[in-house]
Amino acid sequence: MNVLIVGCGGIGGYFGARLVEAGTEVTFLTRANTAAKLRSGGLHLKSARGDVNTPVNVVTADELNQSYDLVLLTCKSYDLEQCLQHCAAAINVSTFILPMLNGFGHYAKIQAAFPDAKLLYGYCNISAARHVDGYIQHYNSIHEMTLGVADGSELSDRLDVIIAQLKTAHFNLRVSKHIKLEMWEKFVFINALAGVTCLLRGTVGEILQTRNGQSVAMQILEECQQVAKAYGYAVRPRANKMTRDAFAQANSPLSASMLKDIQNYSTIELNLIAELCDFAEKKSISIPFMQAVYSHLQVYQNKLKEC
């Protein structure tokens with residue numbers, strides 16, 4: 001099995017390093033400057049689960065000249081359209097495409113770009129990022145990837161082979177029979193966490209120290225859950241409890257990666273909040289707190305563009 005990983009940030013770098021470590025044939029599709037650094041110095045992962053230091057195969061868009069069994073998309077959502085153009089030569093009717101992006105809007109874009117490819121559903125639970133010095137830093141011990149097929153579809157023999165190969169790597173791979181429900185549960189969580197921490201500009205622990213912080217957090221969470229329920233994906237009790245417990249931990253350092261992007265004056269993946277607001281509008285659901293979040297973040301993004 002040969003795998004093309006589009007991007008070598010925290011997610012692509014981590015899972016790619018683990019696959020290379022396991023002996024899988026992996027190639028990274030990156031921009032020219034990243035490709036040059038990987039070619040000269042290799043890929044370096046620092047993790048409580050074990051470090052990896054290895055040479056890797058790298059291509060840029062103009063060098064890509066073969067198809068792959070699996071294309072793992074790990075780019076930011078705002079780079080998706082350009083990445084789809086860049087990886088076109090890697091995809092044919094036999095290629096499986098597994099996006100590791102949050103939300104749902106990217107699926108229509110991928111399907112439109114490659115209507116004959118085999119599109120999988122997936123998400124990951126991991127906290128990792130590319131350090132300013134170039135290595136991949138894994139921030140905790142969680143390293144889970146989940147994939148599945150569209151509702152009503154069955155796993156194929158070829159996909160079974162790919163899954164078996166992925167399972168040889170040193171991370172937790174799950175194959176879900178309820179992939180869309182799980183994706184909605186994660187969508188609710190990341191929207192609520194981004195909504196709370198970005199609107200109030202603080203960690204969960206800092207927000208809980210304010211007079212009305214917990215009340216605001218719970219109202220934002222309930223708005224997000226209401227949208228999921230309207231689309232037939234009500235958050236299950238276990239996921240609900242885990243989220244509410246996370247939002248109630250005093251002194252918690254938890255915050256959304258979007259808040260970190262704001263603090264670094266970086267572009268944010270505003271599409272996640274936009275998708276939730278669009279979903280709510282189509283069902284005529286009132287979500288005043290999340291609408292305030294969306295407006296607040298639009299102001300930030302617009303100011304960033306002016307700089």
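## A strand covered on both sides

Let's start inside the fold, with strand 7 (residues 96-99), where both faces are covered. Phe96 and Leu98 are buried on one side, and Ile97 and Pro99 are buried on the other. Buried here means under 20% relative accessible area, exposed means over 50%, and partly exposed lies in between, with a 1.4 Å probe and protein chains only. In a regular strand, side chains alternate between the two faces of the sheet.

A word on the ground rules: this is a predicted model, in which local features need pLDDT of at least 70 and side-chain atom pairs count only at pLDDT 80 or more, while totals for chains, interfaces and linings use all residues. Residues are numbered from 1 along each chain as its sequence is written, and side-chain values use heavy atoms, leaving out hydrogens and water.

Strands are DSSP runs of E with at least two residues, helices are runs of H or I with at least four, and both are numbered from the N terminus. Two strands pair if DSSP finds at least two bridges between them.

Next, the pairings within this sheet. Strand 6 and strand 7 are parallel and share four bridges, and Val71 has Ile97 in strand 7 as its bridge partner.

## Around strand 10

Strand 9 (residues 121-130) pairs with strand 10 in the antiparallel sense over nine bridges, and Ala128 has His138 in strand 10 as its bridge partner. The hairpin of strand 9 and strand 10 has five residues between the strands, and Gly134 takes a positive phi near 105 degrees there.

Two parallel pairings involve strand 10 as well. Strand 3 (residues 43-46) pairs with strand 10 over two bridges, with Ile136 as the bridge partner of Leu45. Strand 11 (residues 172-175) pairs with strand 10 over four bridges, and Asn172 in strand 11 is the bridge partner of Glu144.

## A loop between two helices

Towards the end of the chain, Ser286 sits in the loop between helix 11 (271-282) and helix 12 (288-306). Ser286 counts as exposed because its relative accessibility is 55%. Ser286 and Gln226 are 60 residues apart in sequence, with 9.3 Å between their C-alpha atoms.

## The whole protein

Stepping back, the protein has 12 helices and 11 strands. Its C-alpha trace spans about 55 × 45 × 40 Å along the principal axes. The radius of gyration is 19 Å, which agrees with the value near 19 Å for a compact globule of 307 residues; the radius is taken over C-alpha atoms, and the globule rule is 2.2 Å times the number of residues to the power 0.38. Buried residues make up 51% of the 307.

Contacts (heavy atoms within 4.5 Å) between residues at least 6 apart in sequence join residues at least 24 apart in 71% of cases.
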